[in-house]
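This report goes through selected local features of one structure, moving from backbone geometry to side-chain contacts and helix packing. The sequence and the structure come first.

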Amino acid sequence: MDVQTTRFEWLLSRSGPEAYERSIVPAWMGQWAEKLIAVAGIGPGDLVLDVACGTGIVARKAARRVGETGGVTGLDHNEAMVWAAKDFADREGLSDIDWRRGDASSLACETPTYDVALCQQGLQYFPDKPAALRGMREALVPQGRVAVACWRELERIPIFAVVADALKEVFGQKAIDLFEVSSSLSAREDLRGLLREAGFRDIRVRLEILVSRLPDPMRFLPEYLSVFPVAADIAAMSDADRTAMFRRMLGRLGDFFDDDGLVVPMESHIATAVR
Ligand SMILES: C[S@@+](CC[C@H](N)C(=O)[O-])C[C@H]1O[C@@H](n2cnc3c(N)ncnc32)[C@H](O)[C@@H]1O
């Protein structure tokens, strides 16, 4: 394992959405978005709703797939995310995507419009998951489809498990609450049950395993962690302590290093269903 020892600048000045788009999206969310869109079977002409769109990677990839005869709406309750999503899409010439700020649990008022509703790593965070899924269902036309992706347990995603353990050791439980929420819908039957209760039929839950690569993980880690609430605590550490913590994380991922850097296997369920 070759860990860089140079000191790096802690990038707190970078906004959350920008850091997310520059680190997490290329590291793994872009790849997962392609998988979700393929599993959902999105094609030209589809009208697509991307719930909890974040910085918009799923919506942007869907927009390219549906073409000029289709359309995409991206929705997120975080205003900064929605503004950033619009900005990133405009920069890629995808200015037709309709961006909305809203709570996923209040979708019930939507008229049936969409052929497909997508939700990539968002459902776990919704306080009222049944309401959100009912709303997604009601937003769909008859025969409309949903595809929802939720991470498996932290232990199935070594980079999450190792980072969470190290953060907990240094800052305590509160530092890893978000990691635990991210894997709170890891049980296949919980996901299936929620979809069933929302009225969906033909429910199928697929286990998907993707592998991404981080050529320079010592640079990736600080930027990745800058999107989490614990960022301020990390920023307050001395350079030496912070570097030691990141090196400890990478040390524990030793088995996943090869000559080209860190190999990052990740496991997620993708549930599909019909309205
Ligand atoms: C892990 S990010 C996933 C973002 C995006 N789907 C992706 O694949 O990159 C989770 C997103 O869920 C959004 N979110 C959380 N609770 C929400 C809610 N109740 N309604 C809408 N969006 C919500 C957050 O603002 C955040 O953008």
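Predicted model: local features only at pLDDT ≥ 70, side-chain atom pairs only at ≥ 80, totals over all residues.

Most residues other than glycine have a negative phi. The side of the picture that concerns solvent is also defined here, because glutamine 143 has a relative accessibility of 56% and therefore counts as exposed, the cut-off for that class being over 50%.

A second case is aspartate 202, which is found in strand β6, residues 201-214. Aspartate 202 likewise is not a glycine and has a positive phi, here of about 50°.

Arginine 152 lies in the loop that runs between β5 (140-151) and α5 (158-171). Is this arginine buried or exposed? With a relative accessibility of 10%, arginine 152 counts as buried, because the class takes in values under 20%.

The side chain of arginine 152 is joined to that of glutamate 267 by a polar contact of 2.7 Å.

## Packing of helices α1 and α2

Two packed helices are described by the angle between their axes and the distance between the axes. For helix α1 (residues 16-40) and helix α2 (residues 57-66), the axes come within 9 Å and cross at roughly 45°. That angle makes α1 oblique to α2, and the crossing of the two helices is right-handed.

On the α1 side, the contact is made by Glu21, Val25, Met29, Gly30, Ala33, Glu34, Leu36 and Ile37, while α2 contributes Ile57, Val58, Arg60, Lys61, Ala62 and Arg65.

## Burial of helix α8

Which residues of helix α8 are buried? The helix, residues 217-225, is mostly covered, with eight of its nine residues buried. The buried residues are Pro217, Met218, Phe220, Leu221, Pro222, Glu223, Tyr224 and Leu225, a list that includes the charged residue Glu223.

Key
Residues numbered from 1 in each chain as written. Heavy atoms only, no water. Axes fitted to C-alpha atoms, helices over the stretch in contact; angles between N-to-C directions. Helix = DSSP H or I, 4+ residues; strand = E, 2+ residues; numbered from the N terminus. Parallel < 35°, antiparallel > 145°, perpendicular 65-115°, else oblique. Left-handed = near helix turned anticlockwise from the far one by under 90°. Contact = heavy atoms within 4.5 Å. Buried < 20%, exposed > 50% of the residue type's maximum accessible area, 1.4 Å probe, protein only. Polar contact = N/O pair within 3.5 Å; in protein donor to acceptor, adjacent residues only side chain to side chain.
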